[in-house]
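Subject: A structure for you to look at

Hello,

I am passing a structure on to you, as promised. Please open it next to this email and follow along.

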Amino acid sequence: MPAFSGDATVFLADLGDTVVHGATTGLGILDQPGIIEQDGVAVVSTDYRLTCLTSEFGSLVYNAQLTVAGVSYRVRDTRQIDDGLFCQIMLSKV
């Protein structure tokens with residue numbers, strides 16, 4: 001499968017929130033699943049996961065701070081997904 005060669009921001013344009021880290025501003029989609037199943041038991045928790053362009057935010061490391069839609073978060077983990085065009089950043093709310 002060939003690499004995507006268009007403007008990847010179109011995937012984030014309709015659903016994305018403004019993400020800011022230092023001088024970098026971009027778009028990302030924040031997911032907040034509220035129920036996680038562990039060992040067959042539903043655990044009520046909020047797990048913040050931001051999907052954004054790797055080129056903008058993929059180099060963020062543990063404990064880096066950023067804002068999503070004006071709300072502050074700290075990075076727990078960053079990993080590329082699929083072909084590496086996008087990444088998912090696991091966050092903790094500050």
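Below is what turned up, grouped by region. Please keep in mind that this is a predicted model.

Let me start with the core. The largest nonpolar core has 15 residues, and those that touch the most other members are Leu50, Leu66, Val68, Ile89 and Leu91. Two or more residues come from each of strand S5 (48-53), strand S6 (65-68), strand S7 (71-81) and strand S8 (86-93). As general background, nonpolar side chains in soluble globular proteins tend to be buried together.

Next, the aromatic rings. How many aromatic pairs are there? The count comes to two. One of them joins Phe11 and Phe86 in an edge-to-face arrangement, with 6.0 Å centre to centre and 80° between the planes. Phe11 sits in helix H1 (residues 10-13) and Phe86 in strand S8, so this pair ties together parts that are 75 residues apart in sequence. As for the two partners, Phe11 counts as partly exposed because its relative accessibility is 48%, while Phe86 counts as buried at 16%.

Is Thr54 buried or exposed? Thr54 is buried, since its relative accessible area is 16%, and the cut-off for buried is under 20%. Its side chain reaches two backbone atoms: the oxygen of Phe86 at 3.1 Å and the nitrogen of Cys87 at 3.3 Å. Not counting residues up to four places away in sequence, Thr54 touches Phe86 and Cys87 along with Ser59, Gln80, Gly84 and Leu85.

Finally, have a look at Val94, in the segment after S8. Val94 counts as exposed because its relative accessibility is 61%, and exposed here means over 50%. Leaving aside neighbours within four places in sequence, Val94 is in contact with Gln65, Ser72, Tyr73 and Arg74. Val94 and Thr67 are 27 residues apart in sequence, and their C-alpha atoms are 9.6 Å apart in space.

Note on methods. Residues numbered from 1 in each chain as written. Predicted model: local features only at pLDDT ≥ 70, side-chain atom pairs only at ≥ 80, totals over all residues. Heavy atoms only, no water. Buried < 20%, exposed > 50% of the residue type's maximum accessible area, 1.4 Å probe, protein only. Polar contact = N/O pair within 3.5 Å; in protein donor to acceptor, adjacent residues only side chain to side chain. Contact = heavy atoms within 4.5 Å. Core = buried A, V, L, I, M, F, W, Y, C linked by side-chain atoms within 4.5 Å. Helix = DSSP H or I, 4+ residues; strand = E, 2+ residues; numbered from the N terminus. Phe/Tyr/Trp six-rings, centres within 6.5 Å; stacked < 30°, edge-to-face > 60°.
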